[in-house]
Amino acid sequence: MRWSQYYLFTTREVPNDAEVVSHQLMIRAGMIKKLAAGIYTYLPFGWRSLAKLSAIVRRELDAAGALELQMPAIQPAELWQESGRWQRYGKELLRIKDRHDREFAFGPTHEEVITDLVRRDVKSYRQLPFNLYQIQTKFRDEIRPRFGLMRGREFIMKDAYSFDVDAAGLDKAYEAMRRAYCAIFDACRLDYSAVEADTGTIGGSASHEFMVMAGSGESAVVRCPSCGYAANVEKAETRREPAGEAHPPQELQEVATPGKKAVEEVARFLKIAPRRIVKTLIYETEKGLVAALIRGDREVNEVKLMNHLDVERLELASEEKVREATGAPVGFAGPIGLSGLRMVAEESIRHLTNWACGANKEDAHYTGVNPGRDVQLSEFADFLLVHGGDACPRCDGTLEVFRGIEVGHIFKLGDKYSKALGCTFTDEAGAELPMIMGCYGLGIGRTVAAAIEQNHDADGIIWPRPLAPFEVLLAGLNPDDAEVRRVTEGLYDQLREKGVEVFYDDRDERPGVKFKDADLIGLPVRLVVGAKSLKDGQVEVSLRRDRAKHLVAVGDAVAKVLELLHA
């Protein structure tokens with residue numbers, strides 16, 4: 001393809017609203033163009049990368065036995081009402097009405113649609129199992145779309161759904177999809193990790209996220225270098241420290257702590273370690289207020305807490321509600337004498353003795369608090385936010401924290417949707433049972449953006465070959481020189497005959513402009529024909545990744561390009 005005939009317009013300017021590197025470079029390299037907040041046109045150069053990833057996805061899913069179909073993007077409200085998600089999904093669900101005033105949604109996901117399809121066709125265990133997938137445009141009305149394709153409102157996603165007769169069948173399908181995802185990201189040459197994750201609004205009994213490692217990643221992930229355990233911080237666990245030596249109970253005392261609210265301030269004032277303080281956080285849920293107790297040096301994992309409480313909404317209560325519940329302003333809440341609301345304690349304080357806490361009055365704390373004598377704690381749960389340095393729950397290792405970009409998420413749905421929508425089959429004994437489902441999502445645009453986050457430098461993109469829009473950039477530096485043009489045209493034809501995807505920069509531009517653009521668009525191999533080197537019968541071949549330049553004879557240029565492409 002000749003640049004002069006291609007729809008590609010680069011820019012030196014960094015867009016004001018582009019916060020992350022992939023967003024900046026995809027716009028500057030002419031891959032995407034913003035239409036509205038979180039909605040982008042995929043330009044020809046960018047679409048080639050998305051198409052290459054889609055081809056890899058199709059290859060690996062087909063090899064895993066999945067079958068491709070295409071479902072409607074617009075979904076009737078009745079299906080979502082039947083599953084119970086019409087209201088529960090929240091404002092991210094774009095609700096629309098047709099001319100007959102019937103309600104629909106622009107699908108953010110397709111569990112309801114695929115389950116409705118299957119329940120109409122499949123009736124017997126003899127028709128199971130199978131796995132259906134699609135690559136399609138979705139829409140989620142994000143409150144604050146940002147980071148380009150990383151968190152847009154309209155996006156392209158591969159979603160697959162498996163149907164089985166029992167949990168053992170689901171386990172087999174889930175493992176097949178896990179292996180397929182690994183094959184996909186391996187083929188893309190990305191540094192990634194599969195981590196245990198929370199099931200979120202999709203639901204189900206278990207899930208894994210596939211994270212591409214990048215310092216700009218939104219998600220914090222913990223991993224044990226010793227045994228390989230990895231989990232999203234929303235799901236991560238830690239091995240609990242054994243109970244320490246018991247100390248004689250101290251006397252319960254109320255201590256004036258004027259103006260001391262934060263744990264660090266109270267700890268310094270009382271001359272104790274923050275871990276000897278128990279903070280009481282008042283949360284508001286749709287089921288009422290909840291008091292969550294946790295050690296002062298740790299933080300609440302609100303996803304874990306929501307799951308334990310079985311609530312759909314969890315947010316810190318307003319100062320007014322805290323005062324109503326505790327009789328004190330924020331910062332002085334404590335469990336002693338607290339009544340009228342559910343109280344749940346984090347496992348980290350189960351064996352803690354002689355601790356300090358708020359006294360439920362302004363400028364006052366208790367010291368020498370001992371459960372059983374001073375306060376009754378009957379409900380304990382793991383809602384600890386795990387961080388680096390914590391003990392691995394699977395071995396004697398220590399957890400490390402890194403940043404990642406979620407590009408794929410797989411779920412064991414079980415019968416969550418099949419029960420709700422009546423998707424059943426008849427087993428060998430004639431009993432009617434709900435089908436057992438799995439759900440497997442992969443962001444197409446998000447994966448391409450993550451590849452750029454992981455592969456770039458100060459000058460532009462450094463494409464992994466499998467995702468590069470083209471494999472080779474061919475540039476003639478002196479297009480008015482007849483010999484340069486003759487040699488460049490000849491190399492262009494030879495590369496194409498070899499099946500190489502070559503992008504020929506035949507523009508009438510200065511060498512400096514061509515080199516800047518070559519760095520920006522980042523194709524894996526660069527072949528440069530210039531009048532100076534051509535006088536010695538040579539051309540320059542280099543890799544974008546290391547920029548090491550190789551001067552080779554014109555007759556050896558194509559062979560050198562092929563060698564570097566397969567290195």
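Visitor: By class, which residues make up the lining of the largest cavity?

Guide: In this predicted model, that lining has 3 nonpolar, 2 polar and 5 charged residues. Here Ala, Val, Leu, Ile, Met, Phe, Trp, Tyr, Cys and Pro count as nonpolar, Asp, Glu, Lys and Arg as charged, and the others, Gly among them, as polar. A cavity is a set of points on a 1 Å grid over the protein atoms alone where a 1.4 Å probe fits but cannot get out, and lining residues have an atom within 4 Å of a point.

Visitor: Which element supplies the largest share of the lining?

Guide: The largest share, 3 residues, comes from α12. Both α12 (482-497) and β28 (502-505) supply at least two residues each. Helices (H or I, at least four residues) and strands (E, at least two) are DSSP runs, numbered from the N terminus.

Visitor: Changing topic, where is Asn360, and is Asn360 buried or exposed?

Guide: Asn360 is in the loop between β18 (355-358) and β19 (364-369). Its relative accessibility is 13%, so Asn360 counts as buried; buried means under 20% relative accessible area, exposed over 50%, and partly exposed in between (1.4 Å probe, protein chains only).

Visitor: What is phi of Asn360 near?

Guide: Phi of Asn360 is near 60 degrees, a positive value in a residue other than glycine. Most residues other than glycine have a negative phi.

Visitor: What should I know about the numbering and the model?

Guide: Residues are numbered from 1 along each chain as its sequence is written. Local features need pLDDT of at least 70, side-chain atom pairs count only at pLDDT 80 or more, and totals for chains, interfaces and linings use all residues, while side-chain values use heavy atoms, leaving out hydrogens and water.
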